[in-house]
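Visitor: Hi, I'm new to this one. Could you walk me through it?

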4 protein chains.
Amino acid sequence: MISLDALNQLGETEFVRHLGNIYEHTPWAAERTYKARPFASIASLLDAFAQIVKESGDTEKLALIKNHPELADKLARAGDLTEESQREQRGAGLDQLSGCEFDIFSRMNQAYRDKFAFPFIICVRRHTKDSILAAVQRRLEHGREAEIETALVEIDRIAALRLEALVEPDGTVKLDGRLSTHVLDTHHGGPAVGVAISLYELSRLGTPRLITRGITNVDGRTDAALMAGRPLPIGRYEICFEMGPYFAARGIAATDMPFLDSVPVRFGIADPEAHYHVPLLVTPWSYTTYRGS
Amino acid sequence: MISLDALNQLGETEFVRHLGNIYEHTPWAAERTYKARPFASIASLLDAFAQIVKESGDTEKLALIKNHPELADKLARAGDLTEESQREQRGAGLDQLSGCEFDIFSRMNQAYRDKFAFPFIICVRRHTKDSILAAVQRRLEHGREAEIETALVEIDRIAALRLEALVEPDGTVKLDGRLSTHVLDTHHGGPAVGVAISLYELSRLGTPRLITRGITNVDGRTDAALMAGRPLPIGRYEICFEMGPYFAARGIAATDMPFLDSVPVRFGIADPEAHYHVPLLVTPWSYTTYRGS
Amino acid sequence: MISLDALNQLGETEFVRHLGNIYEHTPWAAERTYKARPFASIASLLDAFAQIVKESGDTEKLALIKNHPELADKLARAGDLTEESQREQRGAGLDQLSGCEFDIFSRMNQAYRDKFAFPFIICVRRHTKDSILAAVQRRLEHGREAEIETALVEIDRIAALRLEALVEPDGTVKLDGRLSTHVLDTHHGGPAVGVAISLYELSRLGTPRLITRGITNVDGRTDAALMAGRPLPIGRYEICFEMGPYFAARGIAATDMPFLDSVPVRFGIADPEAHYHVPLLVTPWSYTTYRGS
Amino acid sequence: MISLDALNQLGETEFVRHLGNIYEHTPWAAERTYKARPFASIASLLDAFAQIVKESGDTEKLALIKNHPELADKLARAGDLTEESQREQRGAGLDQLSGCEFDIFSRMNQAYRDKFAFPFIICVRRHTKDSILAAVQRRLEHGREAEIETALVEIDRIAALRLEALVEPDGTVKLDGRLSTHVLDTHHGGPAVGVAISLYELSRLGTPRLITRGITNVDGRTDAALMAGRPLPIGRYEICFEMGPYFAARGIAATDMPFLDSVPVRFGIADPEAHYHVPLLVTPWSYTTYRGS
């Protein structure tokens, strides 16, 4: 990691060596941005990059777009992928598609390439499999100009996340979201301690994917946020709160068949950089959940 | 259907012809009960039957128990099942077990028979596959005397439900439960109209089984109760409320990825003869559910 | 009470004798409406009356309006009030104004009369003291034509309620609302039985006025609705649920200073002919209330 | 304020000058405690004081108790009160009793003194007028030995709070509680910003006493806790949330008579050193409140 100050003092070659791939295979973006030095903040640096790309010619833009790999095209072209691309696609689970899922992705990608003659580009770190598929389907309806615009916006987002991994943060750019929960036992009027919690990513294509497990602490929260330190992938999720064992351990309504046992809360995340707080107020006979803050 | 009055006036032969099989293959129960005529109510009639069985000798009791078929033993002995037994087992889905489920049931039945030397008896109309399995496991721990007692209680329950199908009700016996719901839209302050609802029976063994679907009417309720007119099978259930389309149709929070879309409410039913009211108070950002009344 | 059929068969003199005062001191309304006989329903009869008044001349309309007494002018003119007017004003508590309230009403009435040269008319059975004052203040801003219209609408409403007291209902006119409640104890998962409930009408002018008290029955409801069988007066209300004694009697959280004791729920009623259901879902540590259905 | 270190190094005279009045008019408590120096923590220092008093003779204990002024005896003996006592009684509003309240306090004090021959002592900073009265009534039922014990416990509490004002805190003693709130608008799914909030102390004797007002910030909270940095006086409170103007400003359900306008939440505080979080989840048609964490 380099500081912004140090970055501002690099010579052009070094600058390009550091940042030449935040726009995929496109060192000219860094070369031209270098001239706008010094940068007052990381936000300004990213703006400068985006501006350079925006002002480049149509041929250059198209070349930039075409430099990107197909999504989920891992088997065929793994050798060609930049390290950054590999890491990003892995994050969304695109390296673990089932045969059926892979077919759907391939067909979608092909349809997109057939229509626009360039690959479908999306900042995968902000997405789940489901939201990527939804995006392809929606964007297939667009015209070519609109799609070039959209692709460039996504490329800027990818660049921002790649830059984040290289330069020390200065607080001017917010790229991460946060998913947290809290279990409040309104039967005894305090935090519910020791409740097992599981977070799943849901998918229309396949089975739920376990993302993380946790146990509520003395404050009724998990020690760490359920997701944090990264964009929250746009998608549908389910938190499962194991209330049955919790209440049984307290001798409440302890039957073989309690009214509430495993309590699922299903919700969508639409804004990757936001804070989603999804608490549960619960008794053995009722619960309330909501998007909190 | 015959009225209690008419029943009271039947001769013994006719009485036994009508009621001889409410205790499986055991006409002597009806023959002896006949002597206690006339019956002031259906409740008294059932009490009389239960009393006769209770006062019978150990050999008779054991014979009565052994007259019952194995659960889920449909393939092997379908020809021998009384019509009543067939209908009852069908209701709990025991005629549609997957291979794997059938194996488990067979193994459990065998373990039970090995231990007690009589078949496992349970009033299946008050149960789901899950609760039957839970019951076998629990009852395998019992001693033989306790199990004879339990089997007779279950046989009385079976008899009560069989009698219900034969004699006009007089309100003295409650054999049915009721599951209802209500969707209240606290975003606009009125019933949520036109919400699609599905009720599933959950199972630890297999996939959820759809029981019924409905649409909320102008009062936010389904026109008919989700389950009614019969005992509610002890088990775990999930109601799915399709709130996404409902709010989208009202132009509220209509995005590709709404916070709430399909809202699952999962709960257990432990008391087959009770009323379970499971309502939903919902906005696009929150909901509350509870066991209501 | 007379039936609509009987009414349809009356001669003119009798018809006017029955209905001559549903429009205050204005027998011609009944005389002219008589010609439109027979009436298919009570709704048609009321429409016919309203139509006659609407089609009358400006002088007649003004005379009709001026036939009405000042609100709360009880002391000065009690002798002149029709029995109907007396009863109506009593219902809204206008016969029990404190000195200070009476002053405010008098001043408002005077300001209204000074501006429009006719008395302020409102269907008091649909109002509380507070909403009457709010209405005078709002209507003082109107022009004269608009106020004549508004006065006639209110006179029609008064007539409908007076007619309701005279003719057997046929279900074509809805003049009553309903306020109900329900207390659900989500600590033990059933209706809260034996909770003392008080309903107050709130007032910006004075202290809360007790309207009714009740105790929840085995279903967690009051045996009778809190208000019913009449229009719900537009206004602000508070239901007080005495949860402290209820939970203390169950040995729960029984301290000198429970978290929840007397739980107030304050709400406005804007629609006199609607059903307001205001339930409470409550534990010793939480509650939820809402406009239900 | 002096640090514990500095205190540990004082000579006896200085030590007594600093701490001689944390037990009212009782320098011997400080003189004897001085011998136990040095103190590892403030908690140890307080324990040492309490131990000295506990080990003192019956006559000394009684003298210590009798050194305390009558509660609310301000008019008659104001000249004699220590500064500490004055400040403490002022905090609970005991210097602002109405004539009627003063009468009740005087009568209670007199009854207590008549029975026990010493004044009623309570750590007033942990109480409201209501809870003080409740305590006198309860303690009048006790025997004399129990009351001497109770009085000494209260005197230790008074001493701890007096010491807190003199010595720099070291985190070993928790003497303060915290009351906070949070308003979440589940109609739009985020914090409710700009809601006016008032906190009142309720009283069975008189009218509610305004304690503080606040406005919710961008996070739906008040910038400062509603009460903090001191014991929360045991008593009954009401928070009033002005939701009517909030929703009206957002164009929601904006009528003259909204369903929810001023939303009162009434609750008891029983534990002065605890955190009470009392949030509101609210739409124009519903709300939920609870003891949170």
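**How the chains meet**

Guide: Let's start where two chains join: strand 11 of chain C and strand 11 of chain D run antiparallel and are joined by five bridges. Strands here are DSSP runs (E, at least two residues) and helices are too (H or I, at least four), numbered from the N terminus. Two strands count as paired if DSSP finds at least two bridges between them. This is a predicted model, where local features need pLDDT of at least 70, side-chain atom pairs count only at pLDDT 80 or more, and totals for chains, interfaces and linings use all residues. Residues are numbered from 1 along each chain as its sequence is written, while chains are lettered from A and ligands numbered from 1 in the order in which they are written.

Visitor: Which residue stands opposite Ser286(C)?

Guide: That's Tyr290(D), in strand 11 of chain D.

Visitor: And how many residues of chain D are in contact with chain C?

Guide: 26 residues of chain D touch 26 residues of chain C. Contact means that the C-beta atoms, placed from the backbone, lie within 7 Å.

Visitor: Which element of chain D gives the most to that side?

Guide: Strand 8 of chain D, with seven residues. Helix 9 (129-139), strand 8 (262-269) and strand 11 of chain D each supply at least two residues there. By class, this side of chain D has 14 nonpolar, seven polar and five charged residues. Here Ala, Val, Leu, Ile, Met, Phe, Trp, Tyr, Cys and Pro count as nonpolar, Asp, Glu, Lys and Arg as charged, and the others, Gly among them, as polar.

Visitor: OK, new topic. What does strand 11 of chain D pair with inside its own chain?

Guide: Strand 10 of chain D, antiparallel, over four bridges. The two strands form a hairpin with two residues between them. One of the bridges links Leu281(D) to Thr288(D) in strand 11 of chain D.

Visitor: What about chain C and chain A? How many residues does each give to the contact?

Guide: Ten from chain C and ten from chain A. On the chain C side, strand 10 (280-283) and strand 11 (286-290) each give two or more residues. That side has four nonpolar, six polar and no charged residues.

Visitor: How can chain C be laid on chain A?

Guide: By a turn of 180° and a shift of 0.0 Å along the axis, with an RMSD of 0.1 Å. The two copies are therefore related as by a two-fold rotation axis. The superposition is by least squares on the C-alpha atoms of residues with pLDDT of at least 70 in both. In chain C, His187(C) has the C-alpha nearest the axis, 2.8 Å from it.

How values were computed. Contact = placed C-beta atoms within 7 Å.
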